[in-house]
Amino acid sequence: MNEMPPTTVKQPLHEAKPSRLAVLLRRLWQLRMGVFGFCLVLALIFSAAFAPYVATHDPLEQDILSRLTPPSFLEGGEDTFLLGTDQLGRDLFSRIVYGGRISLMIGLFAVLVSMVIGVLLGLAAGYFGGIVDATVDFMVNAMLAFPFILLAMTLVIVLGASMENIIIALGLSNWPIFARVTRIETMKLKEQEFVLAAITQGLSQVRIVLKHILANLIPPILVIATVEIARAIIRETFLSFLGLGIQPPTPSWGLMLAEGRDYMLTVWWLSTLPGLAIFLAALSINLVGDALRDLLDPRMRKG
């Protein structure tokens, strides 16, 4: 009895590679929350940059006859005041828009101050080691042990309550996170072969630190900076809520929360709407930070 030869299934020589568009769309879907956060951040930046055109009223203009007007979508609201008015008749929407400009500027510049100080100290500690490392490590531990709010309040009281001084206070109180991460990563990188090769070639220490170490630290530093901007905005809000931040009549989200607390049970939108703006700003920036981490860290990449 003759046996039938086994059938063979022809395998394709190679699988078709997905198009660049398909890869991009798949990647965007994986980072969909980051894309959503990025869109919110863009909207926040746009409204802050073009606040005079986005706002419907002068944020400082008072109209006592229209005080405590409900938002336009509530009963008793007026179309001219989209989100209602505060206790002095100032347009709440316009104040939130201008308050976003203040919060973004403080958050961005405060993180820049923290990043410059922390990265420089972290590079010095991680690369040179010894007494430099011990000194920076002691400074970091001392800063972390000191209550942030007490330090920030002391600096603001000593320097004065202004936007520039708030940036300095937040920047000087938040550099340890940058220093600690930079120090650890620098200690790892200086043992890598490409750094050892640069040392054997006789390159200057400044060039080695800047070109071979700092260049490889940009991704983690960028991710930390993104997240710290959200934290700086919340901290500025906290200081303004306590009366140690932006002073009236300049619109600030924290100041608006403080002004609305006496009306919280009856005129809820005075505190709720600025609080919602703070929440959305912090959430969107954190989502962008998570997406950057996934994009810049090869270990976090999927597919």
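**Cavities inside the chain**

Modeller: Searching the whole structure turns up two cavities of 30 Å³ or more. A cavity here is a set of points, on a 1 Å grid over the protein atoms alone, where a 1.4 Å probe fits but cannot get out, and lining residues have an atom within 4 Å of a point. Grid points are joined across faces, edges and corners, and the volume is the space filled by probe spheres set on the points.

Before the details, a word on the source: this is a predicted model, in which local features need pLDDT of at least 70 and side-chain atom pairs count only at pLDDT 80 or more, while totals for chains, interfaces and linings use all residues. Residues are numbered from 1 along each chain as its sequence is written, and side-chain values use heavy atoms, with hydrogens and water left out.

For the setting, the protein chain has 12 helices and zero strands; helices are DSSP runs of H or I with at least four residues, strands are runs of E with at least two, and both are numbered from the N terminus. Of the 303 residues, 41% are buried, meaning under 20% relative accessible area with a 1.4 Å probe, protein chains only. Take the contacts (heavy atoms within 4.5 Å) between residues at least 6 apart in sequence: 69% of them join residues at least 24 apart.

Now the largest cavity, with a volume of about 40 Å³. Its lining is made of D86, Q87, L92, R95, M256, E259, G260 and L270. Two helices, α4 (92-128) and α11 (253-260), each put in at least two of the lining residues, and α11 has the largest share with three. By class you get three nonpolar, two polar and three charged residues. In that scheme Ala, Val, Leu, Ile, Met, Phe, Trp, Tyr, Cys and Pro count as nonpolar, Asp, Glu, Lys and Arg as charged, and the others, Gly among them, as polar.

On to the second largest cavity, where the volume is about 40 Å³. Around this one sit A110, V111, S114, L170, S173, N174, A232 and R235. The helices giving two or more residues to that lining are α4, α7 (163-173) and α10 (205-241). Here α4 gives the most, three residues.

Terms used
Buried means under 20% relative accessible area, exposed over 50%, partly exposed in between (1.4 Å probe, protein chains only). On a 1 Å grid over the protein atoms alone, a cavity is a set of points where a 1.4 Å probe fits but cannot get out, and a pocket is an open set with protein on both sides within 12 Å along at least five of seven lines; lining residues have an atom within 4 Å of a point.
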